[in-house]
Amino acid sequence: MDMNKVKFDQNGLVPAIVQEENGQVLMLAYMNKESLEKTIATGFTCFFSRSRQSLWKKGETSGNVQRVKEISYDCDGDTLLVRVHQTGVACHTGTYSCFSGRSLTDTGAKVAVLEGEAAADRSLAEVLNDLYAVIKDRQLNPVKGSYTNYLFEKGQDKILKKIGEEAAETIIASKNMDKEEILYEMGDLWYHCLVLLAFHNISPDELFGELLNRRNGGKYHRFEDKEN
Ligand SMILES: N=c1c2ncn([C@@H]3O[C@H](COP(=O)(O)OP(=O)(O)OP(=O)(O)O)[C@@H](O)[C@H]3O)c2ncn1[C@@H]1O[C@H](COP(=O)(O)O)[C@@H](O)[C@H]1O
């Protein structure tokens with residue numbers, strides 16, 4: 001990375017947006033030249049704390065380190081995007097992302113959306129990763145009255161039972177030729193499958209990797225092999 005491309009402000013700082021590999025934005029912090037150099041040299045994020053006026057290696061005391069995958073600068077060089085793999089949680093309050101559960105627009109002040117626009121604007125991976133992040137957040141920071149927490153408390157057998165039930169309900173919906181019912185029951189099924197992935201600490205990215213690998217000629221039990 002060419003350091004000359006980065007424009008530090010009058011205080012010698014540049015804002016750094018930290019993003020998990022799956023696309024979720026985790027936090028915003030500031031770097032000076034020294035912390036950026038440290039980040040590049042060690043492969044773990046290091047920031048400059050404006051309140052303490054000192055370098056701050058993320059996760060030094062909590063263990064919630066961020067393994068750096070890529071650092072980019074924006075079109076005018078005054079903002080960094082740091083793509084990482086987060087261990088544990090990113091926020092000091094204990095939430096996975098500093099933006100988790102802090103939606104301004106979930107609480108009455110709805111942003112105008114045209115029908116279907118919200119879904120069309122987001123890829124399948126984004127939607128699944130976002131829901132998975134909520135599920136992991138519940139696992140790490142239990143919330144009273146949360147159904148996800150109810151499932152984790154009951155344990156694996158309950159999660160598996162629900163997957164069986166939701167699969168059966170999807171089958172019935174399909175036999176009924178009822179599109180609305182199919183969408184509803186399959187929504188329940190996919191949600192419970194994500195809870196099962198979280199139970200095993202497997203990320204959706206690993207599942208996508210498995211499917212992608214098969215598309216690219218990787219190993220799986222092929223239909224044509226069974227036929228011959
Ligand atoms: N997508 C879902 C979702 N889909 C289905 N469900 C729950 O899954 C259950 C489906 O089971 P059933 O239809 O059989 O209903 P039930 O009879 O109440 O279930 P049981 O009594 O048999 O356990 C219901 O309790 C639903 O509320 C879900 N619960 C949560 N989510 C997502 O998870 C997020 C976090 O939810 P909480 O953990 O509850 O805060 C939510 O914002 C949603 O985005």
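1. Helices here are DSSP runs of H or I with at least four residues, and strands are runs of E with at least two, numbered from the N terminus. By that count, asparagine 201 sits in the loop between α6 and α7 (204-215).

2. Before going on: this is a predicted model, where local features need pLDDT of at least 70, side-chain atom pairs count only at pLDDT 80 or more, and totals for chains, interfaces and linings use all residues. Residues are numbered from 1 along each chain as its sequence is written, and side-chain values use heavy atoms, with hydrogens and water left out.

3. Back to asparagine 201: its phi is near 60°, a positive value in a residue other than glycine. Most residues other than glycine have a negative phi. Asparagine 201 counts as exposed, at 57% relative accessibility (exposed means over 50% relative accessible area, with a 1.4 Å probe and protein chains only).

4. Methionine 177 also has a positive phi, about 55°. You'll find methionine 177 in the loop between α5 and α6, and at 72% relative accessibility it counts as exposed.

5. As for individual atoms, a polar side-chain atom of lysine 162 is 2.7 Å from a ligand oxygen, while a polar backbone atom of tyrosine 147 is 2.8 Å from an oxygen atom of the ligand. Aspartate 188 has a polar side-chain atom 3.4 Å from a ligand nitrogen.

Notes
A polar contact is a pair of N or O atoms within 3.5 Å; within protein, one must be able to donate a hydrogen and the other to accept it, and residues adjacent in sequence count only if both atoms are side-chain atoms. Buried means under 20% relative accessible area, exposed over 50%, partly exposed in between (1.4 Å probe, protein chains only).
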